[in-house]
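Please read it with the model open.

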Amino acid sequence: MALEALLETTKSFLPDWPGWALDVLLIMTACLLVTMVLTHFYTPDDEKTEDAMNSSSTAKAASARATLHKEFDSFRRKYIAVYLVIMLADWMQGTHMYTLYLSYNVNVSALFLTGFLSGACFAPILGSFVDKFGRKNSCIIYCVLEIIINTLEHSQDFGVLLVGRVLGGVSTNLLFSAFESWMATEHRKRGFPEEWMSRTYSEASIGNGAMAILAGIVSQLLEDQFGHIGPFQGAIALTFLALLLVLPWEENYGEKQDDADHSLSHQFVEGWKTTLSNSHIWRIGMTQALSEGAMYTFVFMWVPTMLSMNPPGGLPTGCVFSAMMMAITIGGMVYPPLQSFFSNNLVSKEKAPELCASFVYFLAAVSMAVPALCLSKGTSVRGTFELVIVSFLVVECCVGLFMPVAGTLRSKYVPDALQGAILNIFRLPLNVVVVSGTYATDVLEAPIVFKLVSGCFLAASLLQGTFLLETKPVVDSKKKD
């Protein structure tokens, strides 16, 4: 009774949204707070081992280790600060792009499809550009492109918007290759231990979810003040801030600058040759394409699916979106202890990321099988709506989990010298899956689409599981340049 009274009192301070939506939001808020407390007091065993090493080593060695840790914390904060700013700007655009184009009365589908096709066309060559001309320079180009793109969004001319979407395909490839490539190479260049990199990926995933929640609020305030274009004006300011934060970064490249041949064509050929000849790399790429392609298809599906179920009181998309982003944040927080559990109880430390990834993809597959089964039986069955909501929250938690684990695996298997090239090659099959999934949402019934999404996650889980069958040790990617 006391708990119910507390919930009712809390709801009285919140907007007049449907009761079920407020319940979901409050439950996820409570789960997030509990997860924050538990993960704060839980120390993974690798960190305990590190503390033990410091205490048992000589004073000089312990001092050197402590200094290195301080340098790493400074480096991590510098990278995370830029990452959070650009992701906040990106989320602010994504949450309002559809409504902006709708207000312009233009062909929205054509614009979105142009962006995906542009990304697919430029992906194979952009990575080589990133490695050849520098990761920091590529990050700067991304910021400049985003400022230009968001400026073009002010125009209602379809041709101008189309140019913006073409440039958007280029900038998206840079977003998901240049920044990560810079971080991974710089991490190793400064001599930080490999296992510390997963902490950066985990914090990035947690921050990504937090920025998505913040973006929904900030975007709404800007839209209320300046109209549909408001969030894009805010994105311009944020991207300019990111540009200023990137400028002090040190530059790093793919191939060493004294190599006999480090031309753009050489980077391009070597990227493709390495990807196709190394089964570890192409399997990582296909796993990423299947899992992220399934994720993007789900993004297109969740709103129309929930609307089709006629939720009592309507669907407050902002409220549900915030709850889902909390699930992503929870996933990012749970990753370090989950991987530590696997490494201490089930597999070796070296195989823990592979097992963790396979488990997460399998869990996502199961969660997406739930709406496939529920919707095929009809939405009038009692409890269907609640089951679908829970399955949506579970798959978003899986997204928060596989962001850091996928990054850890990419840094493990993809060579530093070709990281930009290979990460963009990965985006080629990803864009194919996304375009296919987008098309499927228009022509197939919802239960069938969710079955396909579940199948993609299951295929990713099985493909990732093949790494666990290998006994031959993998040569570290940082040595393969």
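A salt bridge here is a side-chain nitrogen of Lys or Arg within 4 Å of a carboxyl oxygen of Asp or Glu. Side chains of opposite charge can pair when their charged atoms come close.

1. Basis. This is a predicted model: local features need pLDDT of at least 70, side-chain atom pairs count only at pLDDT 80 or more, and totals for chains, interfaces and linings use all residues. Residues are numbered from 1 along each chain as its sequence is written, and side-chain values use heavy atoms, with hydrogens and water left out.

2. Glu186 and Lys189. These two form a salt bridge, with the closest N and O atoms 3.5 Å apart. Both sit in helix α9 (residues 178-189), and because they are 3 residues apart, about one helical turn separates them. Helices (H or I, at least four residues) are DSSP runs, numbered from the N terminus. Glu186 is buried, at 0% relative accessibility. Lys189 is partly exposed, at 47%. Buried means under 20% relative accessible area, exposed over 50%, and partly exposed in between (1.4 Å probe, protein chains only).

3. Asp73 and Arg76. Here the closest N and O atoms of the salt bridge are 2.8 Å apart. The spacing is again 3 residues, this time in helix α4 (residues 59-94), so about one helical turn lies between Asp73 and Arg76. Asp73 is buried at 18% relative accessible area. Arg76 is buried too, at 12%. A network of salt bridges links Asp73, Arg76 and Glu203.

4. Arg165 and Glu153. Their side chains meet in a salt bridge at 3.4 Å, N to O. The pair links distant parts of the chain, 12 residues apart: Arg165 is in helix α8 (residues 158-175), Glu153 in the loop between α7 (135-152) and α8. Both Arg165 and Glu153 are buried.

5. Total. How many salt bridges does a search of the whole structure find? The count is 8.

6. Helix α15. Its 26 residues (352-377) should span 38 Å at 1.5 Å a residue, and the end C-alpha atoms are 38 Å apart, so the two agree. The expected span is 1.5 Å times one less than the number of residues. Just after α15, Gly378 takes a positive phi of about 105°.

7. Surface patch. Phe122, Ile125, Val166, Phe268 and Val269 form a nonpolar patch with about 370 Å² of accessible area together. Helices α6 (108-133) and α12 (264-277) each give two or more residues to the patch. Ile125 lies in α6 and is partly exposed at 44%. Patch residues have over 30% relative accessible area and no salt bridge; nonpolar side chains (Val, Leu, Ile, Met, Phe, Trp, Tyr) are joined within 5 Å, like charges within 9 Å. Areas come from the Shrake-Rupley method with a 1.4 Å probe.
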